[in-house]
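Hello,

Here is the structure I said I would pass on. My notes on it follow below the files.

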Amino acid sequence: MKLLHTSDWHLGRSFHGVGMLDAQRDFIEQLLAVIREQSVDVVLIAGDVYDRALPGLDVVKLLDDALVRITDAGAKVVLTSGNHDSAIRLGFASRLLERGGVHLRTRVEDLDSPVTFPLDSNHRAARTGAPVLAVYGIPYLEPRLVAERLGTQTASHFDVTQAAVQLIREDIARRSETGPVHSVVLAHTFASGGITSDSERDLSIGGLGAVPLDLFDGFGYTALGHLHGRQELSEHVRYSGSPLAYSFSEAKHRKGAWLIDVGVDGVESVEEILWKAPRELAILRGKLAELLESGEYSWAETAYCQITLTDSVRPAQAMEQLRARFPDTLVLGFDPEDAEGKAKASYSSRLAEAEDDLGVCCGFLDHVRGRPADEAELSALREALEAVRLEGAEL
């Protein structure tokens, strides 16, 4: 059998204000192509299929269409909920959907209820003693909500995940009494050793949400979700990452998935599958004139751009000028190259040095943008202050 490990679709998410639905539709087309070309039997989605608990109607329709087309292409789906999903809403009609080949694992009660697949050469119904693939789903477990139900002493990510894993191990042991069981576990969690990016929502403050990697020892394959970078923590414990970049911190990611080949003796191979990005991400830094004129940056003219200007004085209309060459500049920052060597007065010291209200206003303007007011701005400020003075006198 061939399984395709994906996660963190985040359907409905935007990228710095730019809608991503078209890019997500393109990803689904690539996914369907891989299913057909590789004869994928099962698509795994390890949580965060949606970006929010209440997705828009167009987003729900996109997932509905994707699931129909995946099953029409001949693959089953096993899907768990993540910390961005509403487990209750996502799990609606799970028993009915299961008849169509879409298996939802969003409830604590289903932790030790795997989706099973026969592994005999003809894929016939499992017979006594025949090897079986058991796919378990661990949805995102909010410790405060599930600790009591799982019988843990403390409400921590480690304790609830450990309890969930123990239930799975006990179920595997029971099933192994009648024949070989090869296990695959989906888990939406932060495993120790994983590399984070800016677009993930913290599972807990201070990193206390991380669970040790050895918690998953003994499983044939653990398909993790939550972190957006595709990465291998051990031979059989991996993150597939998100199919698209959702922050500039992911600019160097190679987005993709893992194709797992499972035979009668267990996992035989794990191969990478790469997704084609809809747009490149460019992180540029330099002086405005250099960025506008140098041929070195021509490749970024069609990319989504994050630009940091290093001019000593903040250029006027910087965003407008940059977008003339880089139309999709989404993030603009300023970091003067001489800022460290120049002793810049704090705003409070500027206030103390100001001789009048005009000086206060001009000091603020200089402080926030890095250059003093010009004559036109000085005139406007004088008029505004005079209008305020006259209004106060009338009162």
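Helix H5 is followed by Gly 151, which has a positive phi, near 70°. Please keep in mind that this is a predicted model. H5 itself runs over residues 143-150, and its buried residues are Pro 143, Val 146, Ala 147 and Leu 150. Viewed down the axis of H5, these buried residues fall within an arc of 125°, so they line one face of the helix. Arg 144, Leu 145 and Glu 148, on the other side of H5, are exposed. Helix H6 (157-176) is included in what covers the buried residues of H5.

H6 also holds Ile 168. With a relative accessibility of 0%, Ile 168 counts as buried, because the cut-off for buried is under 20%. Leaving aside residues up to four places away in sequence, Ile 168 touches Leu 111, Tyr 136, Ile 138, Val 185 and Phe 219. For one of these, Val 185, the separation along the chain is 17 residues, and its C-alpha atom is 8.8 Å from that of Ile 168.

Next, the cavities. A search of the whole structure finds one cavity of 30 Å³ or more. The largest cavity contains about 60 Å³ of space. Which residues line the largest cavity? They are Ile 138, Pro 139, Tyr 140, Leu 141, His 157, Thr 161, Ala 187, His 188 and Thr 189. At least two residues of this lining are supplied by H6, and at least two by strand E9 (181-188). Sorted by class, the lining has five nonpolar residues, four polar ones and no charged ones. Ile 138, listed above as touching Ile 168, is one of the lining residues.

Last, helix H1. H1 covers residues 21-38, and at 1.5 Å a residue its 18 residues should span 26 Å; the C-alpha atoms at its ends are 26 Å apart, so the two values agree. The buried residues of H1 are Leu 21, Ala 23, Gln 24, Phe 27, Ile 28, Gln 30, Leu 31, Leu 32, Val 34 and Ile 35. Among the elements that cover them are strands E1 (2-6), E3 (18-19), E4 (42-46) and E14 (266-274), together with helix H2 (57-72). After H1 comes Ser 39, whose phi is positive, near 55°.

Regards

How values were computed: Residues are numbered from 1 along each chain as its sequence is written. This is a predicted model: local features need pLDDT of at least 70, side-chain atom pairs count only at pLDDT 80 or more; totals for chains, interfaces and linings use all residues. Side-chain values use heavy atoms; hydrogens and water are left out. Buried means under 20% relative accessible area, exposed over 50%, partly exposed in between (1.4 Å probe, protein chains only). Helices (H or I, at least four residues) and strands (E, at least two) are DSSP runs, numbered from the N terminus. The arc is that of the directions from the helix axis to the C-beta atoms. Contact means heavy atoms within 4.5 Å. On a 1 Å grid over the protein atoms alone, a cavity is a set of points where a 1.4 Å probe fits but cannot get out, and a pocket is an open set with protein on both sides within 12 Å along at least five of seven lines; lining residues have an atom within 4 Å of a point. Grid points are joined across faces, edges and corners, and a volume is the space filled by probe spheres set on the points. Ala, Val, Leu, Ile, Met, Phe, Trp, Tyr, Cys and Pro count as nonpolar, Asp, Glu, Lys and Arg as charged, and the others, Gly among them, as polar. The expected span of a helix is 1.5 Å times one less than its number of residues.
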